[in-house]
Amino acid sequence: MALTIGDTAPDFEVDTTEGRIRFHEWIGDSWAVLFSHPRAFTPVCTTELGYMASIKPEFDRRGVKIIGLSTDPVEGSAEWGKDIGETQGTAPNYPIIGDTDHEVSKAYGMLGADVSGDPTDRTAAQNQTLRNVFVIGPDKKVKLVLIYPMTTGRNFDEVLRVIDSLQLTANHKVATPAQWQNGDDVIIAGSVSDEAAKEQYPEGWESPKPYIRIVPQPQS
């Protein structure tokens, strides 16, 4: 069964290009992004891993760790990393999981329970469901799940935008409207009564609709 928002992210111990890790321990008190790939040396994923490497400082600034996943052995992903550096300008500067027994892929609902055998015998097309993004909070709960087709590269700027929203709304009783960007006005959460809102926002709020209460973004 596929994971959904609010589920506990399955823990696992696995080899990566940066050594062996236990996932929950590796996350620690940080946020994390796990993004998966069907095979090494797939063209769209090559561009994605390179782009993620180039914007890693943005994730670092938000206290977010990033980790990739491939069904290829760690050695294959390490070789792929060299190719990524040559073709994309930035080699992966984060760990890539070698999910050779498909344990993680199955635990996260990306491959069926009946999948087995040598992962290098499987094609990218057979592994095409491995095109996911999971955002996981410090509480080890899944906060976001995105699934992309093989032919469409993922928008990791959007992942950063969502993380900004997730981190803001985790600390304040607000929600973010459509097309929101960090620093824009926000909506007071519906769970907050008018009386409580008046205490928290003594200057009041705008109400373009009776059920919408808009205020400037709270400062952390």
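Trainee: Let's start with a strand pairing: which residue in β9 is the bridge partner of V174?
Mentor: Strands are DSSP runs of E with at least two residues, and helices are runs of H or I with at least four, both numbered from the N terminus. β8 pairs with β9 (residues 186–188) in the antiparallel sense over two bridges; strands count as paired if DSSP finds at least two bridges between them. The bridge partner of V174 in β9 is I188.

Trainee: What kind of model am I looking at?
Mentor: Residues are numbered from 1 along each chain as its sequence is written, and side-chain values use heavy atoms, leaving out hydrogens and water. Local features need pLDDT of at least 70 and side-chain atom pairs count only at pLDDT 80 or more, while totals for chains, interfaces and linings use all residues, since this is a predicted model.

Trainee: Back to that sheet: which strands stand at its edges?
Mentor: Three antiparallel strands form an open sheet in the order β8-β9-β10. Two of them have a single partner strand each, so one side of each is left without a neighbour in the sheet: β8 (174–175) and β10 (214–215).

Trainee: What distance separates the end C-alpha atoms of α2?
Mentor: The buried residues of α2 include C45, L49 and M52, and what covers its buried residues includes α3 (56–61) and β5 (96–98). The expected span is 1.5 Å times one less than the number of residues. For the twelve residues of α2 that should be 16 Å, which agrees with the end C-alpha distance of 17 Å.

Trainee: Is the F12 and Y108 ring pair stacked or edge-to-face?
Mentor: Rings of Phe, Tyr and Trp (its six-membered ring) pair if their centres lie within 6.5 Å; planes under 30 degrees apart count as stacked, over 60 as edge-to-face and the rest as tilted. By this rule there are seven aromatic pairs. With centres 6.2 Å apart and planes at 75°, the F12 and Y108 pair is therefore edge-to-face.

Trainee: How far apart in sequence are the parts that F35 and F156 tie together?
Mentor: Their rings are 5.4 Å apart centre to centre, with 70° between the planes, so this pair is edge-to-face. F35 is buried at 0% relative accessibility, and F156 at 1%. F35 lies in strand β3 and F156 in helix α6, so the parts are separated by 121 residues.

Trainee: Which residue has its charged end over the ring of W205?
Mentor: A charge sits over a ring if NZ of Lys or CZ of Arg is within 6 Å of the ring centre and within 35 degrees of the ring normal. K65 lies over the face of W26, 5.4 Å from the ring centre. Over W205, at 5.8 Å from its centre, sits the charged end of R213.

Methods: Buried < 20%, exposed > 50% of the residue type's maximum accessible area, 1.4 Å probe, protein only. Contact = heavy atoms within 4.5 Å.
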